[in-house]
Amino acid sequence: MSNTVRTAFVVNGKSAQADVEPRTTLADCLRRDLKLTGTHIGCEHGVCGACTVLIDGEAVRACLTLAVQADGRAITTVEGLPGADPAALGPLQAAFRKHHALQCGFCTPGILTTAHALLSEEPHADAERIREVLSGNLCRCTGYVTIVEAVLEARAAYGGPAYQGGGHHR
Amino acid sequence: MNVAPNTLVGQEIERTEDLRFLTGRGIFTDDYEPAGTLHAAILRSSIAHARIRGIDAAAALKLAGVHAVLTAADIEGVVPTIPLRLAPIKGLERYLQPVIARDKVRYVGEPVAVVLADSRAVAEDALELITLHLDPLPAVPDWRASETDAALLFEENGSNVAVRYSAGFGDIDKAFAQADYTRCETFRAHRHTAAPMETRGLIAEWDAAAGRLTVNGATKVTFFNRRTLAKMMNLAESAIDMIELDVGGGFGVRGEFYPEDFLIPFAARKIDRPVKWIEDRREHLLAINHSREIDCELEIACRRDGTILGLRGKIFGDMGAYVRTNGGVVPAKAAQFLHGPYRIPNIKIDVAAFMTSKTPVGTYRAPGRFEANFFRERLMDMAAHDLGIDPIAFRRKNLITEQELPYSIGQLVPYETATEYDSGDYHAALDRCLQEIGWAEKSPLQGKRVAGRCHGLGLACFVESGGAGPRENARLILETDGNITVNMGSSALGQGLETVFAQIAGDAMALPFDRFRILHGSTTLVDEGFGTYHSRAVVMGGSAILDGAKKLIEAIRSAAATQLGCGSEAVTVQDGQAIGPGGRAVTFAALATTAAKAGQTIRVDGTFANTKRTYSYGAHAAHVAVDPRTGHVEILDYVAVEDVGRAINPAIVHGQAMGALVQGLGGVFLDHLIYDQNAQLLNASFADYLLPTASDFPNIRGVTLQLRPSPSNPLGAKGAGEGGMVAVAAAVGNAVAAALAPLGVNPTELPLTPPRLWRLIEDARTTSRKHAS
């Protein structure tokens with residue numbers, strides 16, 4: 001490949017590097033060069049949020065970030081979120097499972113990273129705030145109600161209030 | 001034989017699928033990439049209707065990393081056309097889509113050439129270097145332009161009108177002649193599409209030595225697609241494996257046989273390398289089936305007391321440029337479902353399907369139903385208002401009663417036999433819906449202004465079909481660890497079928513949930529499968545599991561009898577063991593291991609055949625507030641009630657309802673594929689094609705009823721994927737109309753965007769001022 005640039009960063013706690021074209025997005029770099037296929041690409045123009053990853057703890061769109069912009073930063077993908085263990089799901093993931101907050105699972109990685117970033121900063125976020133922040137992530141399966149419930153329940157694990165129930169959608 | 005305790009079906013079991021999806025371990029199409037893969041990008045027409053004069057790919061072929069540019073000229077003989085899978089109304093077969101354009105292009109987005117390159121980026125670069133010489137022809141932007149035949153999309157057919165037919169029963173002219181009251185209105189449902197979060201994609205692998213083709217990324221109807229592809233590529237069906245990976249949403253559009261389903265396997269064989277194609281979002285919005293674009297003239301005849309005497313209508317369907325696999329489903333179902341859950345003694349619907357120079361139309365969740373319920377329920381509210389009858393009383397008068405079920409609606413669809421609504425208590429579902437939304441308490445708000453906004457309540461009743469035949473199959477295999485693998489002909493498109501099928505199998509075999517592994521979709525798993533559409537996976541596939549479980553228990557008893565030296569009638573099966581006379585037991589694992597040592601497998605094929613449809617039913621109610629200064633509508637409360645007969649996993653059923661409901665609300669207010677007069681799609685991105693977000697519709701509720709199981713399958717289940725969607729435009733349309741009735745606004749056209757409502761409000765004001773002066 002002509003005209004490549006070295007980019008080196010920490011991803012999910014481990015050092016990683018890749019030689020990429022300057023135009024390569026972080027999403028493509030993670031998926032193709034580093035084989036971290038948990039980050040999904042839904043639109044490639046920054047609207048759907050499926051590719052959301054954390055850069056130094058902040059939720060960003062990996063399809064609108066160049067791989068070279070990640071140089072020297074710490075990236076967290078869905079595979080590296082706390083509790084991303086199928087044998088022992090963490091509180092956020094377990095709440096999603098309990099509330100049936102995912103169906104096809106394609107948007108889920110971006111929603112989990114977004115929710116984790118939100119709750120890490122604002123563990124007391126209310127339903128309205130959760131909806132506001134998640135409005136940057138499209139989901140076509142759930143209608144969002146169960147996602148909001150799951151995030152409300154997960155707040156406790158981030159130091160937020162205990163889950164009171166109160167899902168009014170059923 | 002012991003009876004399986006009913007412990008799993010009906011419970012909200014947490015989903016098997018979630019463990020991989022929540023941890024980034026799913027394998028979606030683009031997550032799979034064999035070594036040596038080339039990447040495809042597709043050159044698509046940028047002009048709606050044109051003659052192709054030439055394709056110059058010389059510059060593209062010179063670009064480093066480009067391996068080939070394939071066009072129609074690379075296909076030996078006749079370019080194959082994509083066959084009809086459903087709804088083969090006579091005449092439609094003249095408008096099938098070639099897998100790649102040869103002489104003409106007929107919509108923006110039609111494939112013209114395929115680039116194969118080392119990376120997708122290079123393939124896309126190469127697209128820019130191909131010169132496509134097109135001689136533009138007049139665009140055909142809508143059915144009215146189509147009907148004139150001024151510009152013919154298929155000259156050889158002499159007309160753009162693909163099909164016209166009439167359906168109905170009774171004596172419609174007599175009904176209208178005898179009626180105290182009639183009203184005719186014109187309605188419109190707009191073009192939109194499903195937009196699943198994962199775009200389409202395929203990876204085709206050709207094994208030249210073995211003469212075998214593997215297509216990864218297939219779903220929905222993999223056996224039909226294999227049959228189609230085999231014919232097109234002159235291969236035996238058995239030489240092709242269609243493999244289903246994780247699927248990022250279907251909703252009707254994904255998994256049908258599209259041009260790329262030929263082009264990518266064809267390219268892989270041609271170049272003898274694996275070829276991957278992943279659709280980008282712009283491409284998706286131009287290329288995947290659109291849906292819903294239906295105009296309707298509908299006329300109702302009633303007695304003075306509100307009794308419906310007849311319904312007479314015309315359906316005008318915009319099919320786009322080609323008739324694809326779904327045939328005439330969209331206009332045909334829009335016609336059929338005008339009947340709804342009501343007693344309508346006389347009905348006549350004229351259907352016409354028109355070819356236009358736009359993206360072809362196919363099914364999107366609740367095809368035809370979303371539209372038909374909007375048309376009928378809006379007209380019923382108008383009739384009730386004219387007759388001075390409460391809209392609920394009007395519906396109660398005409399709603400079919402349980403005593404009248406099963407209720408034949410005759411043959412309203414030309415390619416189907418007569419059908420009948422199976423079971424239900426339609427009045428109970430309506431009552432439940434009214435009670436949930438608090439209709440009686442809220443009704444004083446009808447048309448009232450509160451803090452500047454106009455409040456309205458709207459209601460709609462529906463029936464919804466599911467469970468299409470003819471068959472579905474399940475193969476149950478006893479593994480040497482004593483667990484059971486269940487191979488399904490049904491496809492999983494994200495609904496949670498691995499979980500639901502394990503629940504059904506678990507109860508049928510009286511074994512815990514985690515003893516089952518569910519595999520699905522791929523053509524390697526069963527000999528014959530029919531797939532997942534028309535809300536049929538659980539009804540048909542689940543029933544096939546019941547049959548397979550029965551047979552597996554028999555096979556286990558027989559194998560155990562041989563080992564225990566007794567007759568199989570002396571063997572009982574319990575807790576994963578076969579128990580013979582004197583309590584001597586042999587475990588499932590031991591039985592399978594013994595069989596394996598003899599080179600055998602304990603394996604059975606279960607099947608379920610059915611020609612009867614299931615009819616779920618229910619009611620939706622909406623409470624809205626409309627801001628007359630902006631035309632913005634807020635959903636203050638929304639209740640969707642559906643009787644699904646039997647809910648295998650109520651959480652999953654509820655999830656289907658909530659997701660469908662929000663998709664439906666998107667279809668009412670947001671999703672809109674906007675074309676100009678040149679048939680150019682103006683909003684082929686998610687920045688412009690708006691979908692519901694988390695903050696748009698927080699106030700929605702769903703109630704799943706299990707009042708009346710379906711009599712036509714052993715589970716008693718009815719299709720549950722669409723009931724949350726079918727009546728959304730109808731209920732919201734009626735609520736908005738009720739809110740704005742004092743202003744003289746009566747919306748009949750979707751979507752109900754703020755600009756459209758604002759315009760209607762302004763026009764009504766102007767009219768009323770004129771009348772006043």
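The legends below describe close-up views of a predicted model. Local features need pLDDT of at least 70 and side-chain atom pairs count only at pLDDT 80 or more, while totals for chains, interfaces and linings use all residues. Residues are numbered from 1 along each chain as its sequence is written, and chains are lettered from A, with ligands numbered from 1, in the order in which they are written.

**View 1. The largest nonpolar core and Ile556(B).** A nonpolar core is a set of buried Ala, Val, Leu, Ile, Met, Phe, Trp, Tyr and Cys residues joined through C-beta atoms within 7 Å. A residue is buried if 20 or more other C-beta atoms lie within 10 Å of its own, exposed if 12 or fewer, and partly exposed in between, with C-beta atoms placed from the backbone. The largest core has 311 residues, and Ala40(B), Val115(B), Ala505(B), Ile556(B) and Leu661(B) have the most contacts inside it. Helix α15 (residues 537–564) of chain B gives this core its largest share, 14 residues. Helices (H or I, at least four residues) and strands (E, at least two) are DSSP runs numbered from the N terminus. Beyond its neighbours within four places in sequence, Ile556(B) is in contact (C-beta atoms, placed from the backbone, within 7 Å) with Leu478(B), Val573(B), Ala578(B), Phe588(B), Leu591(B) and Ile602(B). Another core, of 5 residues, lies apart from the largest one and includes Val221(B), Phe223(B), Phe224(B) and Tyr533(B).

**View 2. Gln563(B) in helix α15 of chain B.** Gln563(B) counts as partly exposed because it has 16 C-beta neighbours inside 10 Å. Not counting residues up to four places away in sequence, Gln563(B) touches Val586(B) and Thr594(B). The C-alpha atoms of Gln563(B) and Ala585(B) are separated by 9.9 Å, with the two residues 22 apart along the chain.

**View 3. Domain 1 and domain 2 of chain B.** Domain bounds come from an automatic or database domain assignment, which places domain 1 at 18–26 + 468–609 and domain 2 at 32–137 + 199–287. The C-alpha centres of these two domains of chain B lie 37 Å apart. In the contact region, 16 residues of domain 1 meet 19 residues of domain 2. The domain 1 side comprises 4 nonpolar, 11 polar and 1 charged residues. Here Ala, Val, Leu, Ile, Met, Phe, Trp, Tyr, Cys and Pro count as nonpolar, Asp, Glu, Lys and Arg as charged, and the others, Gly among them, as polar.

**View 4. The interface of chain A with chain B.** Contacts involve 49 residues of chain A and 48 residues of chain B. On the chain A side, the elements giving two or more residues are α2 (91–98), α3 (108–121), α4 (127–134) and α5 (145–154). By class, that side has 23 nonpolar, 17 polar and 9 charged residues.

**View 5. An open sheet of 3 strands in chain B.** The strand order is β4-β2-β6, with antiparallel pairing; two strands pair if DSSP finds at least two bridges between them. β4 (104–105) and β6 (131–136) of chain B stand at the edges with a single partner strand each, so one side of each has no neighbour in the sheet. Strand β2 (residues 50–56) of chain B pairs with β4(B) over 2 bridges, and Arg51(B) has Lys104(B) as its bridge partner.

**View 6. Strands β27(B), β28(B) and β29(B).** Strand β27 (residues 614–627) and strand β28 (residues 632–643) of chain B pair in the antiparallel sense over 11 bridges. The bridge partner of His620(B) in β28(B) is Ala640(B). These two strands form a hairpin with 4 residues between them, and Gly631(B) in the turn has a positive phi of about 80 degrees. β28(B) also pairs in the parallel sense with strand β29 (residues 701–705) of chain B over 5 bridges.

Notes: Two residues are in contact if their C-beta atoms, placed from the backbone, lie within 7 Å.
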